[in-house]
Amino acid sequence: MQALALSAAILLIVAIGVGITAVGPWQLPPLASNWGLIDTMIRITLIVTGVAFVAVNGALAYFAFKYRGRPEARAAFIPDHPKLEKALIAITVLGIVVLLAPGLFTYSSYIRSPREALSVEVLGEQWRWLFRYAGPDGELGRAAPEFLSAANPFGLDPTDPKGQDDVIALDALRLPKGRPVRVQIRAKDVLHSFYVPHFRVKMDAVPGLVTQLWFTPTETGTFPIVCAELCGVGHYNMISPVIVMEPEEFDAWLQAQVAGTPAPTQPEPPKAEEEEARPTDLAEWGKQLAQSYGCLACHTTDGSKSVGPTWQGLYGAEVDVVLPDGSTQTVVADEAYIRESIVDPNAKVHKGYPPIMPPYTQLSEDELNALVEYIKSLGGNGGKH
Ligand code: HEC
Ligand SMILES: [Cu+2]
């Protein structure tokens, strides 16, 4: 009775596994690049592992019942069985070869880009993606950590002529349809992973290394770039769009960037209302800084809660804070409070939020003013925040 129940339970697990796979609630999104090969490999893997799963568990269920314990039964002593062992080794080897061999060939073409490919660099940092294009010279300029600053987020070497015409974009990765793209990937702080599910491309971004892969977008549209490496509290929010356009449209865009639009580029409207509310340049700069320093990975400006409190309506509002000694206090979020919150976030921690904001002591006085001005521009009517 027990053996029967056990066998039935094993078969049920097999049936559920196979059933869920057949119904397929977790499908990849529609393919939008040349890497249909990846889908084929996933299918091969699914078939090989699926057959092994059913065979092994089917045998387990069968034998658990067939050789169930009975008082009169005696176990046979079979110390070895060369024929069976050879067969099992052969089947296993075959299975592993079928699983691994296609991957070796695919991977080797995955990282070896065609010569004429467009050169793009993707830089990952907590918690956003930044993009750089080789300008008219077709070559990316040299970069090194010692040149990193808010104004130079890629750490471009100012003395390298190849970098002078490079185009930087913070809002989206724009690409032409039908043209191969070589992406070289770097990380500024911790491990990230550049992953575009629609393109079937994924590659770790490793501090100190440059990794690369290539693909050809085959569909126009907007697709998400996500980070596939748990890289900190803002990880879930590390999403940027990749916008695939017709080649002529892309060329025109890149031309316009090269022709002297100041990098970094800014996202397009919703500027209209925001600018009307307080069209000062300082606030506009603060907005750019908030983006380039990655504040927006944790703060929203639309009133919704994120990792940290929203900035909408913060200025002049009453805030309950926890002091380092554990006591609570209600303060007014005036300029001094906002400043202190940026430079020394743990001096007063907004009640209900974790004390995880890094102190931004590297900001210049002007940058700090701009950030404060931007936060002030997001309104506030003095209520509770
Ligand atoms: C890792 C996520 C994270 C990042 C990045 C971050 N913050 Fe914060 N911030 C928080 C959290 C969480 C709080 C609330 C806890 C506290 O007060 O320290 C906070 C609080 C604040 C406050 C006080 C708000 C209030 O309601 O009390 C201000 C102002 C602020 N941050 C500004 C900034 C600025 C400007 C930047 C970028 C230069 C930034 N933050 C980057 C997480 C972050
Ligand atoms: Cu990441």
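Trainee: What makes up the division of the protein into domains?
Mentor: The protein divides into domain 1 (2–70 + 79–111), domain 2 (118–258) and domain 3 (271–377). Such bounds come from an automatic or database domain assignment. This is a predicted model: local features need pLDDT of at least 70, side-chain atom pairs count only at pLDDT 80 or more, and totals for chains, interfaces and linings use all residues. Residues are numbered from 1 along each chain as its sequence is written, while chains are lettered from A and ligands numbered from 1 in the order in which they are written.

Trainee: Why are H1 and H2 called roughly antiparallel?
Mentor: The axes of helix H1 (residues 2–23) and helix H2 (residues 36–66) cross at roughly 165°. Axes are lines fitted to C-alpha atoms, for helices over the stretch in contact, and angles run from 0 to 180 degrees between N-to-C directions. Angles under 35 degrees count as roughly parallel, over 145 as roughly antiparallel, 65 to 115 as roughly perpendicular and the rest as oblique. H1 and H2 are therefore roughly antiparallel. Helices (H or I, at least four residues) and strands (E, at least two) are DSSP runs, numbered from the N terminus.

Trainee: What classes of residue make the contact of H1 with H2?
Mentor: Ala3 and Leu4 of H1 are among the residues in contact, as are Gly50 and Phe53 of H2. Contact needs C-beta atoms, placed from the backbone, within 7 Å. By class there are 14 nonpolar, six polar and no charged residues. Ala, Val, Leu, Ile, Met, Phe, Trp, Tyr, Cys and Pro count as nonpolar, Asp, Glu, Lys and Arg as charged, and the others, Gly among them, as polar.

Trainee: Which helix gives the most to the shell around ligand 1?
Mentor: H8 does, with three residues.

Conventions
Contact = placed C-beta atoms within 7 Å.
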